[in-house]
Amino acid sequence: MFDRFLGKDNHYKSILNAWTTLEVLSLAQGKWQDACKQAEKQAEKQSNKGDLDVILLPDKSNDNQNNKQKLEDIFEKRKAEQEEKKEKEKTTEEKSVYYRIPLGTLDLDSINRILECIYKEEGENRLFSYNSCVLAEIIVDENGHIDNTQFPQGFPIVISSLAWGLVKLIQYNKVIKKLSKNAALWKLARIGTNLAKIFQQIVIQKRFPGEKECKEIKYDSSLLWKKYVTRMSNFSLETWDKEKKSLESALKNKMHNIVKGRLTQDNLNTLYESIRRFLDLDEIEHFIKEEPKLEQKLGESKLIKPPYFIVAMSASHEDNETDTGEIYPWMINSFYSDVITRTKNALQDKNASPLLKAYLKQGISASERKPLCIEEKEGRDNLIKLLAPTKMPLGKWPDSQPLNLMQQATVNAVREMGDTGMLSVNGPPGTGKTTLLNDVIADIIVRRAEVISNLNNPSDAFTKNQDNLEGNSDFYRLIDSLKGFEMLIVANSNEAVENITKKLPLMQSHCCCDLEYLREYAEYMIKGGNPKKKPNLKEKVNGEKKDCNDSSLAKKNGTKEECWGLISAPLGKRENRQCVAEIIESLCGFDKSIGEPLNKKKFSTDAWEKAKSNFKGIKELIEYEIKGQTFLNGLHGANGAKLEADLYKPNNPNSFINDAFFNRNKEHPYKTIPWENKKISRLREQLFKEAVHLHYLLLNGASSEIKKNGKEIISFLKKSNSIKNAEERLACLFLIIPVLSTTFASAANILRNTKTAFLGYLLIDEAGQGNPQSVVEAISKAKHVISLGDPMQLEPIVTIPSNLVKLIYKSYHIDESIFKDTTSIQTLMDRASPYFGRINGQEVGIPLFVHKRCKNPIFKISNKLAYEDKMIFDREGKDDKLQGHSVWVDVKTDYNLKSKVCDAEIEMAMSLIKEIYLQYNELRGHVFILTPFREVATELRRQLKALISGEIALFGFKLQPSSHPISEKERQKQFKQFIDKTLKSINIGTVHKFQGKESRLVIFVLGAQGKKEAQKWAGGKKVNFLNVALTRAKEAICIIGNCNEWIQHESFSFVKPFLTKWHKDQVVADKERIIVLSTRDPQNTMKTIKG
C-alpha cells in the first residue's frame, strides 16, 4: 500500500499513490445515497416521502414483513399496474420500466470506527454525511431479466471500492501485526543490515521495499518474502483499477450461472452471498471480533446488510437514459482513481508534462516567484513592468467594464506566458474574475485570427489526413499554426460550467448588436437543445413567421436575452454533449432543422480579402497607438504632469502606471483603470469583432472540409471514451466553438485519448472547491493552465475523516502542511504560479481586491468575516431598485425535531415568496432560497411546489389559447408544465450548488434547530460556508433561523453587529421591510442584535 522511494520522479508518484488511496476509500455522493436514506426511513416507518420510487424487500432478520413482497411478485405487480394504466389512459406510448438493485449495503458509521482502529487514531468526524452505501449494483428490465441490449458496455455490475479497500487494509494490518510479533523473523532481520533496514521500513515506516532492495539481500530469504512481503504487496489500494475488472467479470459469470430467466428473491440472496465471498467481507467481521474495544463501540450496529430494497425507474427519466436508449449505472465509487492511474503512467514518459510536474512539485523555487504587492518596492516594480503598454493585449471583450489594476495585470500575465505556463488568480466574490476571463478569451481569439489573416484561402487551414485516421482518409487535420488556441473551462459541477459558457453568447453580456456568429445555433444551445423535437428555421409567433434569431422567439424558447453568437458551449452531461452534436449535424448539413448549414451562403473571395484587410488595418492602428502610450510613459518621469496634460487630454493622467503613479494614488490604487484610453479600447473591441467575423468566413470557405470532419466530431461527442487520436477532432471542434466547458469528471473522458500538451488553454473556475487530484490528467494535456478561485469560499468536498486523510498523507511521507483534507486545486496552483500576492497573511496567486457586487451590509460582513477588511468597496453609483436593508428573521421552535427541517422557518420562507409574487413583480426570477442542508432544500422544494399548485393564478398561470375546447388532460399537462417552469425560476438548493452565482435577493433558511453539531459544521471556525451564502446576494439577504443559537458559533457571530433582527410576529405584520423594498434609510437599521 505504501510508496517506494526509488527513482527520480518518485515524489510525484508518492502524491499520486496517496490520492489513489484516498479515492478508493471515497464514495461518490449521489443517488444511491439518497436511495439508501429513503429506504432507511421507510423501513423505520418515519416517512414514505421521497423523490425515488423505493420498494422494500423481505428481510430475514425482521419478522414484521406483512407489507413486503418478494422480488418476483414486485415485477408481476408493477407490470400489471403499468398495463392497467395504459388501458385506462388509452395510450399507445411505451414507457419502459427497469429496476436498480443494490447487492447489500454497508453501515458507514461502523466503517469510520474500523478505519480509526486500523490507523490507531480516533476523531469526531463522520466518514460520510450519509448512513450507508451499497456494495454493488445490478440492473434488470421490467420483467426482472438481464437485458444486455440496453447497456452501453454489456451488462453493468459496479462494485464498491470502499468495501474492497477496507478488506485490503484489514489484511495488511493483520500481516503487520504478525510480523512485529514474530521473534524468529526479528532474529533473522538482525543477521544482515539490508534485511534489518527493510524490516524497519515495513514495520515502522510502513513502506514496501523495491525489487532492487530485495535483490541486495545476500542470503536465502525466499520463504520469508513469499510468506510475508510478497503477500503484503497484494494489499496495495493502488491495484484497485486492475482488480475491479476481474472481480466484476467473476461476478457476471456467477450471476449468469445463478440467474436463469427472471431474477428471483432467492437468486438475489445467492448473489449477495457471492459478492461477500468475492470481497472477503468476512475479514471485516473477524477483525471486529479481534478488537474488543471496537466491538464494544459498534454495539448492535449491523455492518453489512443483505439486499432489502430496490429502486423502480422509468427509462424516459432524463438522468438515466441517453439519446440511444442506453442505461448507465449510478455512481458508487470515485471518478478519479483510473484518471490517477493513467497520469502515473504518463509521468514515466520522457515527454511527460512539465506543467503537471510543477503542479505536483509543491511549488516553484523562490527565485522564480514575483510578488505583485504595492506595499513593497519589488511588487510595485513588477506591476509597472507587467502593465507596460506594450504588454496590453490587442483584443478586448466588447463593451465590458474597464479592467482595474490587478485585473489588467492578470490579463497581461496570461499573454506573457509564452509557449507554456501556469497562472493562479485569487479573487473574492464580486471582484471580477469572470470579467477578466472575458478579456482573456477575446485576446486568444484575436491571436488565432492573426494566423487566419495570413492564409490565402480558408481551405489552407486544413491538410488532408496522411495518417489515415482510424481508417478515415477523408478526415482533414487543422494545420499546426491554428492549434494551441483551444480553450476548455473546467469546474466542479455542470451548473458551474454552464454559468460561464451560457452567459458568453448572450447579447446582454456585452451589448454588441452589430456582432453575429452562428446566432441561431447559440440560441438553440442556450435553451439546452431538444433531442426529441428540434425547432424549425421559421416558427410561428402570434400567427406570424419569425426567424430563429428574432429576440421574441429567443424568449419563447426560454432564453431571457437575445444571443449574438456561438462563442462557447457546455459539454459535461450527456444532454449538453448531445446538443453540441446536433449543432454540428446541422452546421454540416446532415440535419437542417436548427439553422443554416455553413455552405448555405456562397463563399465570397472579395469578402474574405476585405475582412483580412480590415483586421490587419485595425491591428496596425492599435499597435501605433500603444507605441504612443509607451512614449508618454517614458516622458512622464522626466517632464512631469504638464506634458502629460498637453499631449494626452482625452485620457486620465492618473492612469499612467509608473513610479509616480504609486505616490499619487496611495489610498485606492487598485481601483485605477491602467492606461485609460477610450480610443484604444474601442479599437481593441473592434479588432475582436473583426476576428470573430474572420472566423466565420473561414468556416464558410472551408465548409466542405468541415463537413467531411463532421461525422468524426459527432462520433467523438457521443463516444469520447473509445475514440483514438481525439485531439484532431477536438481541434476542429474548437475552431467552430472557441470555448468549451465541462466538469472535472467529464474532462477525464474527453481528454483521455489525447496527446500530452495538445490543449491550448485549460481554464479552471472555482478552483478552491476542486479536489487537487481531479485535474491531474487535464493539466497534463494543456500548454497553459489558469486557475480562478478564492480560498475563502467553499472548500473541496472530502468524504473521508480529516484525521484519516492526514494519516494517509503521512504514510507516504508527504508534506502535511500542504497536503490535507482542505487542500484544493487552488492551493497547489498558488504555489506553482510565477506571480503572487498576499491575502489573510498567506501567499496566493494574483490577488483581486476591488469588489463590485454586494451592497452593504453584505459587503461589510463578508469583508470582516473572511478578508481582514482588505477588500475595497466599489459599488457606489449603481442603480439599485432594492432600497431597504438586510435582516435576520428570528424563528424559534421546539427542539424535538427528528430532522434538520424546521416547519416554521419554511413557512416563513413561503410567506415571503408569496408576498413577492403579490406585490413585487421586479423581483420575480431574482430570488435564491439557500440552506446549508440537503434535507431542508428538499422540503423547501416540496412546500414551494404545493404553494404554486394552490396559488396557481398568483404565479401567473394562464391556459394557452386554442381554436378548440381544451380537454382536461391538456389542461393538466399545461398545469404541470407551468409548475415545473415556475419551480425552476425560483432557485432553491444548498449553498454548494450556488457558488459562482448571484441574485438580487437571497433568503437563507438555516434549519437544524437544537442540533449543535450540524450548526457547528455550517457555522464553526471556518468562515467559507457563510461567506459564500452571503455573497450570492447583490442587494439584500434575509436570514431565517434561531438567532440566539446560531450566533453562538464563530462565523455567525460576525453577522450580529450588522443585521436588524425581527421576530416572527413582527415579520408577518411588516413583510415590506423583510422583502427589503422599504424606503427607510439603511444606515438607521444597522442595529446590534439585542436579546
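Me: Which helix holds both Arg342 and Asp338, and how many residues apart are they?

Reply: Helix H14, residues 337-347; Arg342 and Asp338 are 4 residues apart, about one turn of the helix. Helices are DSSP runs of H or I with at least four residues, strands are runs of E with at least two, and both are numbered from the N terminus. This is a predicted model, where local features need pLDDT of at least 70, side-chain atom pairs need 80 or more, and totals for chains, interfaces and linings use all residues. Residues are numbered from 1 along each chain as its sequence is written, and side-chain values use heavy atoms, without hydrogens and water.

Me: Why are Arg342 and Asp338 called a salt bridge?

Reply: A salt bridge needs a side-chain nitrogen of Lys or Arg within 4 Å of a carboxyl oxygen of Asp or Glu. Here N to O is 3.8 Å, so the pair qualifies.

Me: What makes Asp338 buried, partly exposed or exposed?

Reply: Its relative accessible area is 27%. Buried means under 20%, exposed over 50%, and partly exposed lies in between (1.4 Å probe, protein chains only). Asp338 is therefore partly exposed.

Me: How do you know how Glu498 and Lys573 are linked?

Reply: Their closest N and O atoms are 3.7 Å apart, and they form a salt bridge. The pair links distant parts of the chain: Glu498 is in helix H19, Lys573 is in the loop between E16 and H22, and 75 residues separate them. Glu498, at 16% relative accessibility, counts as buried. Lys573, at 35%, is partly exposed.

Me: What makes H19 mostly covered?

Reply: Of its 8 residues, 6 are buried. Among them are Val497, Glu498 and Ile500. The cover includes helix H18 (433-452) and strand E17 (739-743).

Me: Why does Arg1032 have no salt bridge?

Reply: Arg counts as positive, like Lys; Asp and Glu count as negative, while His and the chain ends are not counted. The nearest side chain of opposite charge, Glu766, is 5.9 Å away. Arg1032 sits in the loop between helix H37 (1024-1030) and strand E29 (1033-1041).

Me: Which residues does Arg1032 touch beyond its sequence neighbours?

Reply: Leaving aside neighbours within four places, its contacts (heavy atoms within 4.5 Å) include Gln793, Phe928 and Glu998.
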